[in-house]
Amino acid sequence: MNRMRTKLAIAAIVLISAVGYLALAGASKGWVYYLDVDSYLADASYQTQRVRLAGRVDEQDLNLAPAKLTASFQLLGPTRKIGITYHGVIPDTFKAGADVVVEGRLDDQGVFQADTLMTKCASKYQAEEHAKRLEQKP
Amino acid sequence: MTALTGDAVLSMALLVAAGTLLAAMLNVRAARWMLWAYTVLILGAGAVLLTALLQSNFKLIYVAQYTERALPTAYKMAAFWAGQQGSLLLWAILLAVMSAVAAVQWRGRSAREQTAALAVLAVTNGFFAALMLFVRDADPFTAYAVGKTPADGFGLNPLLQNPSMIAHPLLLFVGYAGFTVPFAMLAGALAGGERSDAWLVTARKWLLFSWLFLSVGILLGAQWAYVELGWGGYWAWDPVENASLLPWLTATAVLHSIGLQLQRGMFRRWNAALIGTSFILCILATYITRSGAIQSVHAFGDSLVGPVFLGFLLLSIITVVGLLAWRWQLLEPKHTLERLVGKEGAFLAVNVLLVLITIVTMYGTMHPVLAGLFKENPGSYGPEFYNHVVVPLGLLLVALMSVGPLLIIGSEAGKTLLQGMIIPGVLSVIAIGVTVVMGVHNVYALLCVALTVFTFVNVLRGLLKAAIDRMKLHDEGLALALLRALDGDHRRYGGQTVHLGMILIVVGVTGSSLFSDKQELSMKAGDSVQVAGFTVRYDGMEQLRHANFTAFDAAVTLTDAAGNSSVLHPQVRYYDKSEQPNSEVALLTNLKRDIYITLAGWEDNGKLAAIQIIVNPLLLWIWIGSVVLTLGGTLCLLPRLCPQRQADHVKVTLPVGLGSCQTPAMEQTS
């Protein structure tokens, strides 16, 4: 019985350290900061790494070229904004005023090069849109 | 009027649920009848909503928000669970129906046991009824103010207009709600001071049933994401996906170790904890989906439903922990683990691995919420985190699965295992050799090939051996002997079929994640490119009108090396009631690979188009594996088809279950 306990304890220690190691290694690889535009621009240390930025697409300076798979636009934070160039398939829900999340890093020209562009949840967006349309009704 | 009727029925249902709770303390018979009455009422509420949806009664905000007149009837029905309020009602209905069935099964149990079990059901059912009645965002029967009724509805989100989306939430919710029943039974057994494990026979069927529905629900969700979302994948480690995986993992664990509890009285504390945890995780999954606490593609946005759910979640956790602490002594195992090699050790390992995967997945999923309490920019874990941790643990699980049929209990376990590994081991090495010669050198891919061959050889050899034994013993032909052997132990062979399904899914996942190739091309009409051995030609675009949308339809011709060509039609659809376009993927699928094409954009009426082509090798095997897994799970649940021949089987009276399959495992517990 005691020998069994010892064996189990050793097995548990081995397994848990292995998982702990994997988790640590995975965490350093899979980790990305999720920031708004203001916090990103305020801290230079973010600007040297790959991050995820959330914000709203500015109505001005929006250039969409779906056939060429590029979109360039200004991403609005609470008070500041940043230029984004995205290469890839443009999501159906992407448009001026949409809440989006982009992932990528800053290039030498100070433009954020994004390779991932996500628009926020369709159902939530629809509900807001719906509320707006309701208000417009007589 | 409809709104009033609906809310009135809901109010009555809530009163009856409260009555059930009260009656459970006084007279279980009365409580049972009240639970049935509750079920009838909540079904009535469902009928009111369904009728309103089918009749396009836009006085109800829910109906207007999720349907329109032109919507096909099937989608009008599916709109029942397209939004938050309807899905809560669906949850409530499914739970009520399953509770009603469970109450029938429990008639013979002791009064104390029934009291606790019925109380758990009454509280859980009542919670949903109360939620819909008292939280404004949760009531499906909210009506527009007089005179504000719109002429037509706003339509169903185009992303949800897909056949998988009709079935996916329904099946998932059967799974979620289903785990309430085994938990109620556990609560009954613990509160009633039940020493025997006989109740587990029925509980296991409920676990298996809910597990099966949850599995199919998750897989259909993956299939929906694949064909509808247009990014070429099926699983993104998104919080809502993870949430559905959590109870699946713990339920999978308990389904393995429950057999040893019934046979030998082992793992009793483990199993009780896992049944309780699965219930909690189902509530957590609903919370994550409904609360908007975690950024996700599917979550339904902020509302008061979240905090209320959180309260119920805390109540569930307190109940589970309290019950276990109170009856810890009662759950003393009758046997302890004697050796690590063999069936007992393997099942322990399976459980530990599944629980570790659960913890890691939960940590990754909940981290943004928990860290968000202390830090402003908590960040989040991407798929790499999960792939890094879960994939190695998953491979260990697959390795255990591959030797499954060789595992026995007892001192011979080690010897049997080693001897049994020789033939499949040799065949696996040969398979690795052949794969390397064919030009695949990726370690994960080779490991996957070896494990697949190993598992299949073991399972098929085990079945064949059982059939040959029967042929000798009963003088039967091979086919009959195979069928009889299969029929002789549904749970064994059903379980192994589930394993084969899992292995096929692993094959598909490995192929499509290691060797996927994505190209985004800007093509003029008439342009051709070479992709994965195919010539891909963009032919041009036309505009098509359907019942409730207009489609821009691109024609893309794929020609393979042998000259066979097929035309695919990726589309972008503009639904009348939706402001945003919706991409419709075109797929050319076969056993070797999927070619997945989306139309990403165009200029000049389609003279220039952006086309995304993704090649996903072996992806079809995920869906084939899903079907095999479903068949295996169903086999486990089916009662025996042929009457038993051996007279040496002791007959035992079992509580009425979902079927009454008798195996030696059950007899030992009686």
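Within what distance do the axes of helix α6 (residues 111-134) and helix α12 (residues 305-326) of chain B come, and at roughly what angle do they cross? Bear in mind while looking that this is a predicted model. Select both helices of chain B, and you will find that their axes come within 12 Å and cross at roughly 170 degrees. Since angles over 145 degrees count as roughly antiparallel, α6(B) and α12(B) are therefore roughly antiparallel to each other.

Next, show the side chains where these helices touch. From α6(B), select Val123(B), Thr124(B), Phe127(B), Phe128(B) and Leu131(B), which meet Val305(B), Val308(B), Phe309(B), Phe312(B) and Leu315(B) of α12(B). Colouring this contact by residue class gives 9 nonpolar residues and 1 polar residue, with no charged residues.

Stay in chain B and turn to the cysteines. How many disulfides does a search of the whole structure find? Over all chains, the search finds 0.

Now hide chain B and display chain A as a cartoon. Chain A has 3 helices and 7 strands, and if you trace the elements from the N terminus on, they run α-β-α-β-β-β-β-β-β-α. Of the 138 residues in this chain, 38% count as buried. Among the contacts in chain A between residues at least 6 apart in sequence, 49% join residues that lie at least 24 apart. If you switch to a surface view, the accessible surface of chain A comes to about 7,500 Å², and 56% of that area belongs to carbon and sulfur atoms.

For the last stop, select Ser39(A), whose place is in helix α2 (residues 37-42) of chain A. Is Ser39(A) buried or exposed? With a relative accessible area of 16%, Ser39(A) is buried, as the limit for that class is under 20%.

How values were computed
Residues numbered from 1 in each chain as written. Chains lettered and ligands numbered in written order. Predicted model: local features only at pLDDT ≥ 70, side-chain atom pairs only at ≥ 80, totals over all residues. Heavy atoms only, no water. Disulfide = S-S within 2.5 Å. Axes fitted to C-alpha atoms, helices over the stretch in contact; angles between N-to-C directions. Helix = DSSP H or I, 4+ residues; strand = E, 2+ residues; numbered from the N terminus. Parallel < 35°, antiparallel > 145°, perpendicular 65-115°, else oblique. Contact = heavy atoms within 4.5 Å. Nonpolar A, V, L, I, M, F, W, Y, C, P; charged D, E, K, R; others polar. Buried < 20%, exposed > 50% of the residue type's maximum accessible area, 1.4 Å probe, protein only. Areas by Shrake-Rupley, 256 points an atom, 1.4 Å probe, with all protein chains shown as cover.
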